[in-house]
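Have the structure open as you read.

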Amino acid sequence: MITLEIARTNKDIHSMKKLYLESFPREERKPFWLMRKKVKTKEMEMLQVKDGDEFLGLMIAIPRSDAVLLDYFAVAPEKRGGGIGERALKLFGEYYEGKTLVIEIETPKEDAPNNDERKRRERFYHRCGFSEVGVDILLFGVEMKLLTLGRPMDYDEYILFYSELFGKGIINNIKMLKTG
C-alpha cells in the first residue's frame, strides 16, 4: 500500500537526495541543503512516497495557508509507469486537504530536446485533474507553466510562495511571460 511519510532518517534523506539529483536538471534544482534548512523551520516539507519500507519517490512542497506548491515530484525510474505517480498525487491532495495544489511544469516547446517528456508530463497532470491557469513564467531561466488543482491562481499569488520563503530578492529570478 502506497503511503506518504515525512522524511526523518538519514537513510530517508539520502534516498530523496539521490533521486532529486537524478531527476531534475541542474538549472531547475534548489540547493538541497537550503531545502533541508527550510524543512527544519517548517517552511517546506519533504515527503517520501513509500510502499512499506520501499522508497518509491519524493514530493517536496511549499505550503501556505490556503495553497501548496508541489515544488518537486519524482518517482524512482524503475517504478515509473505503474500508476504510482497518480496514487501519490491523490495522497498528496488528501494530505493537504482543503488547499489548492499548484505545480510548475516545463512548457512544451517543439525545439526543446526533451519535448516528448514535457508533453507526457503535461498529459499526466491533466489526467490527474490539474488545469492550466494561463500563467507562464520564466523561473531561473526555465520556461514553465502553472497548473492548479482547485481554484485558479494568478501570478501575484504564485510569487508569494517564493518571496515568503526566500525573500523579495528572489522575484528578480521569476518573470511573467504570459497571463490569461
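## Helices α3 and α4

Helix α3 (residues 84-95) packs against helix α4 (residues 115-127) at an angle of about 50°, and their axes are 10 Å apart. Helices here are DSSP runs of H or I with at least four residues, strands are runs of E with at least two, and both are numbered from the N terminus. Axes are lines fitted to C-alpha atoms, for helices over the stretch in contact, and angles run from 0 to 180 degrees between N-to-C directions. α3 and α4 are therefore oblique to each other; angles under 35 degrees count as roughly parallel, over 145 as roughly antiparallel, 65 to 115 as roughly perpendicular and the rest as oblique.

On the α3 side, Gly85, Glu86 and Leu89 make the contact, and on the α4 side Phe124, Tyr125 and Arg127 do, where contact means heavy atoms within 4.5 Å. These residues divide into three nonpolar, one polar and two charged. Ala, Val, Leu, Ile, Met, Phe, Trp, Tyr, Cys and Pro count as nonpolar, Asp, Glu, Lys and Arg as charged, and the others, Gly among them, as polar.

## About the model

This is a predicted model, in which local features need pLDDT of at least 70 and side-chain atom pairs count only at pLDDT 80 or more, while totals for chains, interfaces and linings use all residues. Residues are numbered from 1 along each chain as its sequence is written, and side-chain values use heavy atoms, with hydrogens and water left out.

## Helices α1 and α2

α1 and α2 pack at an angle of about 135°, with 12 Å between their axes. That makes α1 oblique to α2. The crossing of α1 past α2 is right-handed.

Which residues meet here? Ile13, Met16, Lys17 and Tyr20 in α1 meet Phe32, Met35 and Arg36 in α2. By class, this contact has five nonpolar, no polar and two charged residues.

## The largest pocket

The largest pocket has a volume of about 1,200 Å³. Its lining counts 44 residues, of which Phe24, Phe73, Ala74, Arg121 and Tyr125 lie nearest its centre. A pocket is an open set of points on a 1 Å grid over the protein atoms alone, where a 1.4 Å probe fits, with protein on both sides within 12 Å along at least five of seven lines; lining residues have an atom within 4 Å of a point.

Helix α4 gives the largest share of this lining, seven residues. By class, the lining has 22 nonpolar, six polar and 16 charged residues.

## The second largest pocket

The lining of the second largest pocket includes Ile6, Arg36 and Met46. Its largest share, three residues, comes from α2.

Technical notes
Grid points are joined across faces, edges and corners, and a volume is the space filled by probe spheres set on the points. A crossing is left-handed if the near helix is turned anticlockwise from the far one by less than a right angle, and right-handed if clockwise.
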